[in-house]
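I am opening a notebook on this chain, and I mean to write down each thing I look up, in the order in which I look it up. The sequence and the model come before the entries.

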Amino acid sequence: MINRSVFEFQLLGLDDVTKEQRFVLFFLTLLSYVVILFVNLTLIVTIVVEEKLHQPMYIFLCNLCTNSLYGTAAFYPKFLFDFFSKSPTISYSGCLLQAFVIYSYATTDFSVLVLMAYDRYLAICRPLDYHSVMTKKRIAVLVFLSRLVPLFCQSAVLIMSSTLELCDNHIQKLYCENWSVIKLSCSSITNNNIVGFILIFFYLSHNLFIVCSYVKVIKSALKSKEGRTKFTQTCVPHLLCLLNVTCALMFDLMYARYGSASGLQSVKNFMAIQFLLVPPILNPIIYGLKLTQVRNMISENCSY
């Protein structure tokens, strides 16, 4: 058995990548990270600076973009460094920390999207109650909980993973994630599996809540031209973001557990990083293009 106190994992995701391919992939990865930083910071700064955007929906959007910066910071700097290493490694504690940050980022996205759905439900279905319900204090509490609950859930997963005795140190991915560590265990992982599935269903239930709220939103929106306009401008980008995040994360979770071990490593690598690449880029772009107020504010700031 391996002593966890001196343990180091080997990340094997780049093993089959040639030197020439690494050079190209390094610059593509760097470009992707620069784009992620630019589009998310642009939206965050615009919302923070412009008082007209200090509204619940934009505050939640700002939280979504901040979360993207938090999650991608746990992956891209280390991944860029690994291109220059013949055999990328990561310490035991560093591995658990990376897995914790990446998956708390992913689950926080779901929590924030639920808040945005609730905000749209109130704005369209109960407009007269909107300002009395969405007070500054309530918004602060909701934002706090949207970050606290995922941190608590991932802390439970992290504690359970840290108690396992491991018999190997090879991770067939570009980064550390909980399931890859659990699979290296010498003992039973039944409890870890049960907790993992409970969390998967818990966050999938967020989607059910959003779908139910949108059924009511659509019914209400169809009754008036103003409601249809609100739905098109604010709800459509939210649904696109939800679809984006759900598909990307479910691909990763299902492929990690049930994907073929004999598949092309390049395909497995793409499946593993897409939720760290696609949502952080597309979410702010979707909102920046679809929300008229945000788009106008960005245009005005750029003109100066």
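I began with Ser-68 and found that, not counting residues up to four places away in sequence, Ser-68 touches Asn-40, Tyr-105 and Pro-280, where contact means heavy atoms within 4.5 Å. Ser-68 is found in helix 2, which spans residues 56-73, and I note that helices (H or I, at least four residues) and strands (E, at least two) are DSSP runs, numbered from the N terminus. Is Ser-68 buried or exposed? With a relative accessible area of 1%, Ser-68 is buried, a word I use for under 20% relative accessible area, with exposed meaning over 50% and partly exposed lying in between (1.4 Å probe, protein chains only).

Entry two, what I am looking at. This is a predicted model, in which local features need pLDDT of at least 70 and side-chain atom pairs count only at pLDDT 80 or more, while totals for chains, interfaces and linings use all residues. Residues are numbered from 1 along each chain as its sequence is written, and side-chain values use heavy atoms, with hydrogens and water left out.

Entry three, the whole chain. I counted up the secondary structure as 11 helices and three strands, and along the sequence I read the pattern β-α-α-α-β-α-α-α-β-α-α-α-α-α. Of the 304 residues in the chain, 50% are buried. Among contacts between residues at least 6 apart in sequence, 81% join residues at least 24 apart.

I found three strands forming an open sheet in the order 2-1-3, with mixed pairing; two strands pair if DSSP finds at least two bridges between them. Strand 2 and strand 3 stand at the edges, each with a single partner strand, so one side of each is left without a neighbour in the sheet. Strand 1 (residues 8-11) runs antiparallel to strand 2 (residues 89-91), joined by three bridges, whereas strand 1 and strand 3 (residues 170-171) pair in the parallel sense over two bridges. Gln-10 has Thr-89 as its bridge partner in strand 2, and Gln-10 also stands opposite His-170 in strand 3.

Helix 4 (residues 92-125) lies across strand 1, strand 2 and strand 3, and runs at about 90° to strand 2. I then turned to its packing with helix 6, where the angle is about 145° and the axes are 8 Å apart; axes are lines fitted to C-alpha atoms, for helices over the stretch in contact, and angles run from 0 to 180 degrees between N-to-C directions. The residues of this contact of helix 4 with helix 6 divide into 11 nonpolar, nine polar and one charged, where Ala, Val, Leu, Ile, Met, Phe, Trp, Tyr, Cys and Pro count as nonpolar, Asp, Glu, Lys and Arg as charged, and the others, Gly among them, as polar.

Leu-174 has its place in the loop between strand 3 and helix 7 (178-182), and counts as buried at 7% relative accessibility. The C-alpha atoms of Leu-174 and Leu-14 are separated by 6.8 Å, although these residues are 160 residues apart along the chain. Asn-283, in helix 10 (residues 265-290), counts as buried at 2% relative accessibility. Leaving aside its neighbours within four places in sequence, Asn-283 is in contact with Leu-64, Asp-109, Cys-241, Asn-244 and Val-245.
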